[in-house]
Amino acid sequence: MADELLYEVNDGVATVTLNRPDQRNALNGELLAALVDAIRRARDDEGVRAVVLTGAGEKVFCAGADLSGFAADAPLVQKHFASDLFLEFFRLMPRLGKPSLCAANGHVLAGGMGLALSCDLVIAKEETRFGTPEINVGAFPYMIMSIIYRNVPRKKVNEMMLLGDQISAEQAVEYGLANKVVPSDEFDAAVADWASRLASKSPVLMRLGHDAMYRQQDMAVDDALEYLRSQLSLTFSTEDIREGVAAFFEKREPEWKGR
């Protein structure tokens, strides 16, 4: 794993850390490649039951794409294909099969917002600001547009993208960019609490449910209902649902089998 990205697993939680603090954790080709590899690694590791994505340093979670690449003297087609890694990450996250949590320990900007919103849950520090400032440097948040519009009311997205302004962490919660905001001195504990709770659930039911969450969202209502009914029937066939119900009535913690 590249030095620009850190990966560790503890108690079923894989923590993936963008590690370019001096560059505001800006995304270059090497970091994006390492990030995609890390997500695949977490997906394929049965010992990983939840993923936390965060950034090194105290001020910025991720400032988006490395702007030096925008002005680089490289063929247009080369720049076009370089964006494949963004697409790969955005496609991987809904298919991760396990829950993900963004620990927004600093500002979430431009492409960094795409990374954050690709996670199932987002916890932000009080001082964190969210924004799509690309228009201010003569660019536009094309690569993350489809993800933002699926999370945030349209008029607010229009405002953020067209004006290039930033919003506070509290506003981010109000508009659906984050789940909750916590003070800096409570941040690590809040992330650890949610991560451990996510990792404690049945891995097979989490995978079935996680897949269903994303597959049904763009279906027509009737198609979604039929698909979800099939997933419910599949759930009835698992050992974990029987164990979960038995544990509930016996007032004990369930012992998941993962099948």
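Two remarks on the source come before that. This is a predicted model, in which local features need pLDDT of at least 70 and side-chain atom pairs count only at pLDDT 80 or more, while totals for chains, interfaces and linings use all residues. Residues are numbered from 1 along each chain as its sequence is written, and side-chain values use heavy atoms, with hydrogens and water left out.

Let me begin with charge. Side chains of opposite charge can pair when their charged atoms come close. A salt bridge here is a side-chain nitrogen of Lys or Arg within 4 Å of a carboxyl oxygen of Asp or Glu. How many salt bridges does the structure hold? There are 13.

One of them joins Asp66 to Arg20, with 3.4 Å from N to O. Asp66 sits in the loop between strand E4 (60-62) and helix H2 (76-82), and Arg20 in the loop between E2 and helix H1 (29-44), so this pair ties together parts 46 residues apart in sequence. Helices (H or I, at least four residues) and strands (E, at least two) are DSSP runs, numbered from the N terminus. Both Asp66 and Arg20 are buried. Buried means under 20% relative accessible area, exposed means over 50%, and partly exposed lies in between, with a 1.4 Å probe and protein chains only.

A second salt bridge links Glu239 with Arg259, at 3.0 Å from N to O. This pair connects distant parts of the chain, with Glu239 in helix H11 and Arg259 in the segment after H11, 20 residues apart. Glu239 is partly exposed, its relative accessible area being 32%. As for networks, salt bridges with shared partners join Glu4, Arg20 and Asp66 into one.

In helix H8 (residues 184-199), Asp193 and Arg197 are four residues apart, and therefore about one helical turn separates them. Their closest N and O atoms are 3.6 Å apart, and they form a salt bridge. Asp193 is partly exposed at 35%, as is Arg197 at 47% relative accessibility.

I turn now to strand E2 (residues 13-18), where Thr17 is placed. Thr17 counts as buried, at 13% relative accessibility. Apart from neighbours within four places in sequence, its contacts (heavy atoms within 4.5 Å) include Glu4, Leu5, Thr54 and Gly55.

Next, helix H9 (residues 203-215). Which residues of H9 are buried? They are Val204, Leu208, His210 and Ala212. Their cover includes helix H10 (221-236) and helix H11 (239-249).

Now the cysteines. With a disulfide taken as a pair of cysteine sulfur atoms within 2.5 Å, the count comes to zero. The sulfur of Cys62 lies 9.3 Å from the closest cysteine sulfur, in Cys102, which is too far for a bond. For Cys102, the closest is in Cys119, at 5.0 Å, also too far for a bond. Cys62 is buried at 0% relative accessibility, and Cys102 is buried at 0% as well.

Finally, the surface. Met143, in helix H5 (residues 142-149), is partly exposed, with a relative accessible area of 32%. Leu87, Tyr142 and Met143 together make a nonpolar surface patch with about 300 Å² of accessible area. Such patches take residues with over 30% relative accessible area and no salt bridge, joining like charges within 9 Å and nonpolar side chains (Val, Leu, Ile, Met, Phe, Trp, Tyr) within 5 Å; areas follow the Shrake-Rupley method with a 1.4 Å probe, only the protein chains shown counting as cover for residues.
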